[in-house]
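Me: I have a protein model open and would like to go through it step by step. Can we do this as questions and answers?

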Amino acid sequence: MSWLTNKFRVLTSFINFSSMGKIAASVVIVAAVLLSFLGMYWSNEPDQFDVVATAKEKAAERGYLNNSKKLVVGYTTASTLHSIVETLLDKPGGFISNDILPPGVFMDNMPAWEFGALVQSRDLARAFRKEFSRSQSQSTEDVNLKIAEPQFNFDTKSWALPSSESEYRRGNKELMEYLDRLAGPSNNKAQFYARADNLSDWLSDVNTRLGSLSQRLSASVIEDKPQLELDENTRYVRTPWSKVDDVFYEARGTSWALIHILRAVEVDFFFTLQDKNALVSLRQIIRELEATQSSIWSPFILNGSGFGVLANHSLVMASYISRANTAIIDLRRLLEQG
């Protein structure tokens, strides 16, 4: 009977082990499903916001709206920069680019979107430090902006000691102090100079960024072959298939940020743009960029050939980006010569 008892014990142990294995497998499957749904929720791009209403809300909270409910020149643009960075940090899932745990560590589209918006934030912060807040090249840098601008350039992949989020929040804190000095009755009042040359200098950076994005988007279908009519050593490098969606979402994030910034620029540089007959050109740029934010109905970013059966989302995006970039060149010409 002892052998029968031993076999019964072995069989019981096997059944228990098998049950535990099934439970473990079920837990893994449920966790994977939940993380997948959480990842999809975190992948939703933030909605656009009203730059003027948001700026007025910030000013009202801090008691800086005057009786006419008008904002001081420069407040809307600086507030928009603050709100863009705030959105990157506080959207669903927070700032995902530096995540080391699932589902964030497995996501690539949203980090690419974040990077596109962050680059525009960095460029605008640099413009505030170098141009918008200074009357001339020999004037002193703003005490808050010279701290804020480097903070926004902190590594996007740092998750601790310090984390990317903590550095960006510090930059936003300094930016808010600049806003307080710009609108408040401080003796050390901040400045904002809405001049055509300042705006043109910043647009030059935007011009370069969009040109690079347009090239990378178009390179999703370019063959890697020598361009002999230019230089036998010159090659157009095709965007790797694994990076096509990343470049696409970087362009979406870039455009999302630029739409808000340009709407704010229209408010703060209104008289400058009007004097240069450039308002129509600015609004044309905004319209082209707004088209990049249309809903994506495909579950994947398709990369069909130029005239193939399948669509090529990158080429469509490149078309809007290129048109906006051309309008920026026209706008800069008006600002410089108009």
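**Contacts and overall layout**

Reply: We can start with contacts across the chain. Among contacts in the protein between residues at least 6 apart in sequence, 73% join residues at least 24 apart.

Me: How many helices and how many strands does the protein have?
Reply: This is a predicted model. From the N terminus on, its elements read α-α-α-α-α-α-α-α-α-α-α. The count is 11 helices and zero strands.

Me: What percentage of the residues of the protein count as buried?
Reply: A residue is buried when its relative accessible area is under 20%. The protein has 338 residues, and the buried part of them comes to 45%.

Me: Where in the protein is confidence lowest, and where is it highest?
Reply: The average pLDDT of the protein is 86, and 86% of the residues score at least 70. Helix α1 (residues 2-42) has the lowest confidence, with a mean of 65. The highest mean, 97, belongs to α3.

Me: How far does helix α3 reach from its first C-alpha to its last?
Reply: Helix α3 covers residues 75-90, which is 16 residues. At 1.5 Å a residue, 22 Å is expected. The model is close to that, with a reach of 22 Å.

Me: How many residues of α3 are buried?
Reply: α3 has 16 residues and is mostly covered. The number of buried residues is 14.

Me: Are α3 and α8 roughly parallel or roughly antiparallel to each other?
Reply: The axes of these two helices come within 8 Å and cross at roughly 160°. Angles over 145 degrees count as roughly antiparallel. Therefore α3 and α8 are roughly antiparallel.

Me: Which residues in α8 does α3 meet?
Reply: α3 passes α8 in a right-handed crossing. From α3, the residues involved are Tyr-75, Thr-76, Thr-77, Thr-80, Ile-84 and Thr-87. In α8 they meet Trp-256, Ala-257, His-260, Ile-261, Ala-264, Val-265, Val-267 and Asp-268.

Me: Does Arg-122 count as buried or exposed?
Reply: Arg-122 is found in helix α4 (residues 109-132). Leaving aside neighbours within four places in sequence, Arg-122 is in contact with Phe-115, Phe-152, Asn-153, Phe-154, Thr-156 and Tyr-168. Its relative accessibility is 12%, so Arg-122 counts as buried.

Me: Which residues does Thr-292 touch, not counting those up to four places away in sequence?
Reply: Thr-292 lies in the loop between α10 (279-291) and α11 (313-337). Thr-292 counts as buried because its relative accessibility is 3%. The residues it touches are Arg-252, Ser-255, Met-317, Tyr-320 and Ile-321.

Me: What separates the C-alpha atoms of Val-221 and Ser-305, in Å?
Reply: Val-221 lies in the loop between α7 (196-218) and α8 (244-268). Its relative accessibility is 28%, so Val-221 counts as partly exposed. Val-221 and Ser-305 are 84 residues apart along the chain, yet their C-alpha atoms are separated by 6.1 Å.

Conventions: Residues numbered from 1 in each chain as written. Predicted model: local features only at pLDDT ≥ 70, side-chain atom pairs only at ≥ 80, totals over all residues. Heavy atoms only, no water. Helix = DSSP H or I, 4+ residues; strand = E, 2+ residues; numbered from the N terminus. Buried < 20%, exposed > 50% of the residue type's maximum accessible area, 1.4 Å probe, protein only. Expected span 1.5 Å × (residues − 1). pLDDT = per-residue confidence, 0-100. Axes fitted to C-alpha atoms, helices over the stretch in contact; angles between N-to-C directions. Parallel < 35°, antiparallel > 145°, perpendicular 65-115°, else oblique. Left-handed = near helix turned anticlockwise from the far one by under 90°. Contact = heavy atoms within 4.5 Å.
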